[in-house]
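Have the model open while you read.

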Amino acid sequence: MTEIFGVPIAALFGQLVLGLVNGCFYAMLSLGLAIIFGMLNIINFAHGALYMMGAVFTWFLLSTWNISWWWALLLAPLAVAIFGMVVERVFLKRLYKVDPLYGLLLTFGLALVIEGLFRYKYGVSGLPYGIPEIFQGALNLGFMFLPKYRAIVVGATLLVCFTTWFVIERTQLGAYLRAGTENPPLVQAFGINVPAMITLTYAIGVGLAGLAGVLAAPTLQVSPLMGSNLIIVVFAVVVIGGMGSILGSILTGLGLGLIEGLTKVFYSQASNTVVFMIMALVLLVRPAGLFGRER
Amino acid sequence: MKGKVIVALAGLVLLLVATGAWAQATSGKISGGVVKIGVLDDMSGLYSDIGGKGEVVAAEMAVAEFGGKVLGAPIQVVSADHQNKPDVGANKAREWFDGDVDAIVGTVNSGVAIAVSKVANEKHRLFIDSGAGSTKLTNEECNPYTIHYEYDTYATGTTTAKAIVAQGGKSWFFLTADYAFGKSLQQDTSNFVQSAGGKVLGSVLHPLSASDFSSFLLQAQSSGAQIIGLANAGGDTINSVKAASEFGITPKQKLAALLIFITDVHSLGLKAAQGLYAAEGFYWDQNDDTRKWSKAFAAKMGGKMPTMVQAGVYSSTLQYLKAIQAAGTDDADAVMKKLKEMTLNDATVKGGKIRADGRMVHEFYLYQVKSPSESKGEWDLYKLISTIPGDQAFQPLSLSRCPLIKK
Amino acid sequence: MTGARTRYLGYGLLLVLGLLAPRFVYPVFLMNALCFALFACAFNLLLGYTGLLSFGHAAFFGTAAYITGYTAKVMGLSTGLAILAGTAAALLLGVIVGGLSIRRQGIYFAMITLALSQLIFFFYLQAPFTGGEDGLQAIPRGKLLWVINLENDRTLYYVVFAIFLFGFLLIHRTIHSPFGQVMKAIRENEPRAISLGYDVNKYKMMAFVLSAALAGLAGATNAIVFTFVTLTDVDWHTSGDVVLMTLLGGMGSIFGPVVGAFSIVTLESKLSDKVGSLVTVIIGAIFVVCVLLFRRGIVGEIQGLYRRVVGSQP
């Protein structure tokens, strides 16, 4: 039996793997967004642009200084996180006392500026970035070909996501972060440096975006537009998962990636829209999102 | 108080309107004292390497070669970026033609080109397209003010397909860019494949400038076709080829780049692109004239050799100026009449003719990308396989669906 | 001079300017600006007056544009009817989108409208009647009322100006009506409005649908002006543009969005020739600066400046 529902098994699993890989990026990006929103009440529209920065920085490291992908895994998220800290200190800090919609508008403006500048410098056609030698090629699993690099992406994402979830929900640092954003004056009274925690939270959130960018560089097109192609789907993922729920965004991201992959196999016309249609459905049935808490 | 604010606002509106007036300073009058040529193309996006700023350089080279003046009037080259958006392109064309631009050249994106040709028809000004591929420009959308220069999807698609089918590539699957150009390329090529006894097993449409070709290529892979026809161009072709090798598609199935430019091959590198067929209307290393012109071009473009689109812009601009000279006026109808009478000869074209349907017909060439060991220089990328005379390369008039052709 | 007299003088001046403008400025540019001004005013009905930030308003603008284009070009409907059809389509869409999103507030509402408009975008990308990336081209401008030939740019300008005035006055009436007062109450303090017995969701819904319909009117008219509809008209960047126009011009007044629209349209057309893709950077920078420093927008700042210089006035 080489076909399921009229689709060759290799193609089906191939698309599922691709979908899962996409889901990994959705998960990591929506995790970052959920952290930032859940704790800072800011919708970080610039998330896609920061993800793009991570990818372009990775390319830059290789092409200018011949620094390998392994180092980029460390350096790029760090660079993006530092950039994020600057953004938070200079811009976002002034908006905490105002309507959160202004935060959305500010990050929207920042996204335009970042993308516009990168677009101006690097054009749109994409910067070449190859897969690291070790991971090139595919494993023949019999029922499908599994490209090695994509398997690594899935593994790395799951590791990072669940580590982050663990740190935030189960460790003391995470407890401080959560408390500090829920009731800043009280936590500050205990002697904890709340503004620093807030900056750290934002940095972690965008650092995740940068890491996603490094992982994406070898497979997807490194282009200044890669963020804006992705960001709205990620927003939909966050809405479906429940804004502010960390576990929710991880699971929803992965799940939606798989669903998208399946849709591509059986009814590829709908693959762009299936995430939004699910979102509309969830809004009708469970407005707070699948895992969300009403805020 | 509110009233005074309104008066202040009125002042502000006046200021804005005045600024707008400055922004649209070319409105209203048609100036006969200058011949203005507008280069309209994608300056920053997917197709910017194929045409882009190189087109402006090419047009300026033509103007300089002509002497900078025609019939005593100075020649000016202006340019704008259509960002691959038909509305932006059409609006720019409209604004230019409402002003004093006499002719528009360039325009790689077929969707934009079709839109611009309609505006040219409406405003009775010339549009000489060297960049777009869609054969619609000389069939359903043909009009008396549009010339389709350099190449089209029929020429590149069928020339490439002919070579591949002759080698036994009979079953095809198409990966097509989802707009006018891709569909035209797929249509023209499939028509040929089927008429040559081959089969089209299926096709999939991808969005222009897609970021990830893997899922489309998976579909191509599962179709089992011998040949995967890439009915796309520029960055899309480059990414398709790269993704195909990542997924291990290439040894088993062969790729046919139905439209590929020298800049694409340069970007891909010989290792990835070797063996691909490239049907082109121009290559810098064809003869002494092309080499001389191309080296002059490369000197202005940081070492980049010209593509056939850029060569086309040079040639069409030069021939346009020659036609104005011969016609004694820059009136569009008179110049068009002259252009269709002339035999076109310059550094990049020999013996070209423009037909009644606006199609410029000239020799076409089938190249194959060299392997890394065969290449002796950064831009030494092609080896010539065959030369096709113009009347065989392009769609014969007998098959034309252009309303201007009386049958 | 009393306040009212200066006000009427101001309105009169603007009217005269509007009537004379096409003599000096490229009419197509003006018409584009007017359509976006109407679009921004309609958008501001939601943002400035009801406190709802819809990030997907381009869906209404673009839907009306596509429907108008399609009915005029393919179905041969006369121009006036085509515009009405487009507006009606936008109204209907407003009911659907509003129904799905109105129960949520603040940021949630913005995200939902954004995502829904993206869904609509992808629908139009696939739908054959829109022409996808190529767009819907060569829409006939036709004649209005069987006599007025709209092919002439100047004639069309006056028609567009009239449509703009109609929309603008409608918004003006709405704001200064009891309905408008309730909207403002909802913006100021929604829980209090609820406690006063108002069915807040119903009012928000009505404001949303009205805003969608007027945005649609703007889009429908724009389609006739350019004889062209493309995916840009439903793209989220266009939604972002109209947010910026309102923010830049000033959310607190009825003229703000008009000023913002004219500014942005002028900026984009003047700059795109000179700096190409840097236009987005500049737009983004304006966003950032406005949010940080000029939250009241141009008109708001002028009003504030005036008050400070002259002191409170009746």
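In chain A, helix α2 (residues 47–65) and helix α4 (residues 100–122) have axes that come within 10 Å and cross at roughly 30°. That makes α2(A) and α4(A) roughly parallel to each other (angles under 35 degrees count as such). This is a predicted model, where local features need pLDDT of at least 70, side-chain atom pairs count only at pLDDT 80 or more, and totals for chains, interfaces and linings use all residues. Residues are numbered from 1 along each chain as its sequence is written, chains are lettered from A in written order, and side-chain values use heavy atoms, leaving out hydrogens and water.

**The α2(A)/α4(A) pair**
- The crossing of α2(A) and α4(A) is left-handed.
- On the α2(A) side, the contact (heavy atoms within 4.5 Å) includes Met52(A), Met53(A), Trp59(A) and Phe60(A); on α4(A), Ile114(A), Glu115(A) and Phe118(A) are among the residues involved.
- Sorted by class, this contact has 11 nonpolar, no polar and one charged residues.

**Helix packing in chain C**
- Helix α2 (residues 27–50) of chain C packs against helix α9 (residues 200–226) of chain C at about 170°, with the axes 9 Å apart.
- So α2(C) is roughly antiparallel to α9(C) (the cut-off is over 145 degrees).
- Their contact has 19 nonpolar, five polar and one charged residues.

**Chain A against chain C**
- Here 43 residues of chain A touch 38 residues of chain C.
- The two chains bury about 3700 Å² (accessible area lost, 1.4 Å probe, summed over both), with 83% of it on carbon and sulfur atoms.
- Zero salt bridges turn up across this interface (Lys or Arg side-chain nitrogen within 4 Å of an Asp or Glu carboxyl oxygen).

How values were computed. Axes are lines fitted to C-alpha atoms, for helices over the stretch in contact, and angles run from 0 to 180 degrees between N-to-C directions. Helices (H or I, at least four residues) and strands (E, at least two) are DSSP runs, numbered from the N terminus. Angles under 35 degrees count as roughly parallel, over 145 as roughly antiparallel, 65 to 115 as roughly perpendicular and the rest as oblique. A crossing is left-handed if the near helix is turned anticlockwise from the far one by less than a right angle, and right-handed if clockwise. Ala, Val, Leu, Ile, Met, Phe, Trp, Tyr, Cys and Pro count as nonpolar, Asp, Glu, Lys and Arg as charged, and the others, Gly among them, as polar.
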